[in-house]
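User: Could you take me through this structure, please? I would like to begin with its pockets.

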Amino acid sequence: YLPYACDRELHGRSLEYPKTRDVVLVGSIRNDRIALANELKKHDINLELVGDVFREAYIDALASACIVLNQNPEAGRGLLNMRHFEAQAAGAILIEQWNDLKPNKEAGFNNMAFAQNGDYADVIRDVGAMRLDRKRMQDDFFAEHTYNNRCQEILETIYHERV
């Protein structure tokens, strides 16, 4: 088992990548996501739903956003998935929905915010108002969450020393 991570070359984007979207949700266009976009519109937040993009176009869509929302189907809420790694590697701030659980920040996800019970509007406004050091955040992320990091940790565990 190799825990989720990112690949700097595949998922990473320069911080110079043009941010043409404020808030985006990339993935399948489902009724719950359409309802979320409509709800956010009531708060003057334009959530752009982007579907049917894959591979490079998918990562480019994430990189083009200042904020990426991650909304799993009801049964998967609160579970870690690849979007955590892809969005942050692409240079976006990730907002995740958590219902009864909020992961501790020591896990290394410093460029994430959490919407309790799906209440995204206030979190989006708070994150949008912050002056964020995206370079430091992306560098910190790559220092901890690449496949190279994961494999190195596995080898160190097996051999009890740095390989």
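**Pocket, cysteines and a helix**

Analyst: Helix α5 gives the largest share of the lining of the largest pocket, four residues. The model is predicted, local features need pLDDT of at least 70, side-chain atom pairs count only at pLDDT 80 or more, and totals for chains, interfaces and linings use all residues. Residues are numbered from 1 along each chain as its sequence is written, and side-chain values use heavy atoms, with hydrogens and water left out.

User: How much space lies in the largest pocket?

Analyst: About 180 Å³. Among its 14 lining residues, Asp22, Cys66, Ile67, Ile124 and Gly128 are the closest to the centre. A pocket here is an open set of points on a 1 Å grid over the protein atoms alone, where a 1.4 Å probe fits, with protein on both sides within 12 Å along at least five of seven lines; lining residues have an atom within 4 Å of a point. The volume is the space filled by probe spheres set on the points, which are joined across faces, edges and corners.

User: And how many disulfides does a search of the whole structure find?

Analyst: Zero, where a disulfide would be a pair of cysteine sulfur atoms within 2.5 Å.

User: Is cysteine 6 buried or exposed?

Analyst: Cysteine 6 counts as buried because its relative accessibility is 1%, whereas cysteine 66, at 23%, counts as partly exposed. Buried means under 20% relative accessible area, exposed over 50%, and partly exposed in between, with a 1.4 Å probe and protein chains only.

Notes
Helix = DSSP H or I, 4+ residues; strand = E, 2+ residues; numbered from the N terminus.
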